[in-house]
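Open the model in your viewer and follow the stops below in turn, selecting each element as it is named.

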Amino acid sequence: MTRCGLVAVLGAPNAGKSTLVNALVGQKVAIVSPKAQTTRTRLLGVAMEDDAQLLLVDTPGIFDPKRRLDRAMVAAAWGGTEGADVLALVVDAKGGLGPKVTDIAERIADRPEPKFLILNKVDLADKPKLLIHAEKLNALVQFEATYFISASTGDGLPELKRALAAAMPEGPWHFPEDQVSDASERMLAAEVTREQLYLQLHAELPYAATVETEKFVDRSDGAAEIHQQILVERPTQRAIVLGKGGTRIKEIGARARAELAVLLDRPVHLYLHVKVKPGWDEDRGVYRDIGLDWVD
């Protein structure tokens, strides 16, 4: 007998959803950064626990959308809950409860799926407040169970993973046992480079940047040759990404290339180009390339 089911991982921005998905899978499948709203699209991570296969949908953080890109991200988040067998609400226990968290809780309260409450970052949180947060949220939503975890340190993860596995319905696995994500190599490559943009230019570069993989070639020597375009809105942003004498773009490329070589398990040749494209977030083609549906 095998089990297989879909777990929708929901929460406000910066709750640690991507870190949790990576930890449950056992390797990196979703990019992370200190910047809120790093995750833009739904991404499926595949985790194994005994006879159960967990299909983990890492969704963008749910927030009050103001731009078309924001609306598309929030639509992707709620779309990620469709067909879920379990809804997992991840809360930043250190940040506490705010309107973003309570709004999400209220929206899922009447959903029929089993719901788990996951208080994350307990290693950083004020311990006396943990039970208060749990009590307040359980008063809003009938959760099956509440888990106190740290996705970054691993505290509480084995118990959570076993509980999620037990909640999965009986059925065949949807993916081979060694597959960890449904993301294509092209999309993975773009996400890894975008992560480096955020990590290295966290305070300097606004959200007005994205990465497109223009060409992904499997070379005869076994290496991957990847050509990417970094889109920014203004020439000043291009100068920030390039850095003095091109030093910043070289460092972004070097770190992204090193990580991709590990993730793809082969040599990688990465070529980056920075292009100024005002209003790229109003281009339907860009939305298609980064895996978002166009919203009006």
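Begin by selecting strand E2 and strand E3 (residues 52–58), which pair in the antiparallel sense over seven bridges; two strands pair if DSSP finds at least two bridges between them, and strands are DSSP runs of at least two residues (E), helices runs of at least four (H or I), numbered from the N terminus. Within this pair, Glu49 stands opposite Ala52 in E3. The model is predicted, so that local features need pLDDT of at least 70 and side-chain atom pairs pLDDT 80 or more, whereas totals for chains, interfaces and linings use all residues. Residues are numbered from 1 along each chain as its sequence is written, and side-chain values use heavy atoms, leaving out hydrogens and water.

Next, select helix H1 (residues 17–25) and helix H5 (residues 157–167), which pack at an angle of about 80 degrees with their axes 11 Å apart; axes are lines fitted to C-alpha atoms, for helices over the stretch in contact, and angles run from 0 to 180 degrees between N-to-C directions. H1 is therefore roughly perpendicular to H5, a term that covers 65 to 115 degrees. Leu20, Ala23 and Leu24 of H1 meet Leu157, Leu160, Lys161 and Leu164 of H5, where contact means heavy atoms within 4.5 Å.

How values were computed: Angles under 35 degrees count as roughly parallel, over 145 as roughly antiparallel, 65 to 115 as roughly perpendicular and the rest as oblique.
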